[in-house]
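I opened the notebook to look at the whole chain, then at a single residue.

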Amino acid sequence: MNRIIGTYETNDYIVEYSKVGNGTPVLIVHGGHSNCYEEFGYAPLLERGFQLITPSRAGYGLTTPAPLEEAVGRYAELLDHLGIDRVHVIGISAGGPTAVKFAGLFPEKVRTLTLQSAVVGKWLTAEHTEYKTSQVIFRPPFEWLTWKLLSVVGTAFPRLSFRPMFFSLSTLTYAEGKHLVEEEDIEEVRKMNCRQRSGTGFLMDLKSSGMLTEKDLSRVSCPVLIQASLNDRSVSTAHAYFAKTHIPSAALKLYNTWGHLIWLGRGSEQVHRDAAAFLKADGMIT
């Protein structure tokens, strides 16, 4: 994947971003522990003639940490800097609140909004074991060690390390879901663990999910496609249904993929087809 990596800098604020492909621009709002080097779902869109612009979200990569609304404003500035008037927006996982805020605050810049496995409301809170664990293993500087260990172990024992990842991402047991797993998924998860870092961004994500309100969702006026797996453990389908209820123009599609990473495994081909068709048709649902 031939990426162009750049930074937009203004008033002591940095936005790191990547561009890849040519054609109709799509702003990718990546999920947690990710950055402008994200790859999931990119190849099918590039093959269909889209240009993908991916800023590292606030606190990730080289991008300056910032509150949610300030960060969203910087993405609008980035598009102006790149000379891009309007984009399709794809919000992924913990990037959901950022994508929804952007679509609501800058409707003139957004052609469509696609939410993939997306957080759209209160997510992990202090009562959840995952929240408490995240406060330790994904807090700088320990997050570096967490991802280094996952990278080293995953590279040495990719098949063995895939199963714990499966359990964390799927509501299915491995016996129930293994028929949905493709051989290449093991390598894709290994590569994911090698490129991921939490920075200060993930702990900020845990806070910002609670800041998204029903009013923020109802403010979105562009066509919206919500895509989610029936078997997602990381972000339950309750988020998808909540978004469908409160975004007036939303269409909801659920898929029997093996878990949170809806771009992988059996059933993912339909995810890619639906997303690309939605963008190509400027939000017309077929």
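**Whole chain**

I began with burial: of the chain's 286 residues, 56% count as buried. I note that this is a predicted model.

I looked up the secondary structure next. The chain has 12 helices and eight strands. I then checked the radius of gyration, which is 18 Å, close to the 19 Å from the globule rule for 286 residues, so the chain is as compact as a globular protein of that length. I also took the spans of the C-alpha trace along its principal axes: about 45 × 45 × 40 Å.

I turned to contacts. Among those with a separation of 6 or more, 76% join residues 24 or more positions apart.

**Surface and charge**

I counted charged side chains: 29 positive and 29 negative. The centres of the two sets lie 2 Å apart.

**Thr155**

I picked out Thr155 and asked where it sits. Thr155 belongs to helix 5, which covers residues 142-156.

Is Thr155 buried, partly exposed or exposed? I found 42% relative accessibility for Thr155. Buried needs under 20% and exposed needs over 50%, so Thr155 counts as partly exposed.

Which residues does Thr155 touch, leaving aside neighbours within four places in sequence? I found Arg190 and Cys194 in contact with Thr155.

My last entry is a distance. Thr155 and Ala228 are 73 residues apart along the chain. Their C-alpha atoms are separated by 29 Å.

Technical notes: Residues numbered from 1 in each chain as written. Predicted model: local features only at pLDDT ≥ 70, side-chain atom pairs only at ≥ 80, totals over all residues. Heavy atoms only, no water. Helix = DSSP H or I, 4+ residues; strand = E, 2+ residues; numbered from the N terminus. Rg over C-alpha atoms; globule rule 2.2 N^0.38 Å. Buried < 20%, exposed > 50% of the residue type's maximum accessible area, 1.4 Å probe, protein only. Contact = heavy atoms within 4.5 Å. Lys, Arg positive; Asp, Glu negative; His and termini not counted. Charge placed at Lys NZ, Arg CZ, Asp CG, Glu CD.
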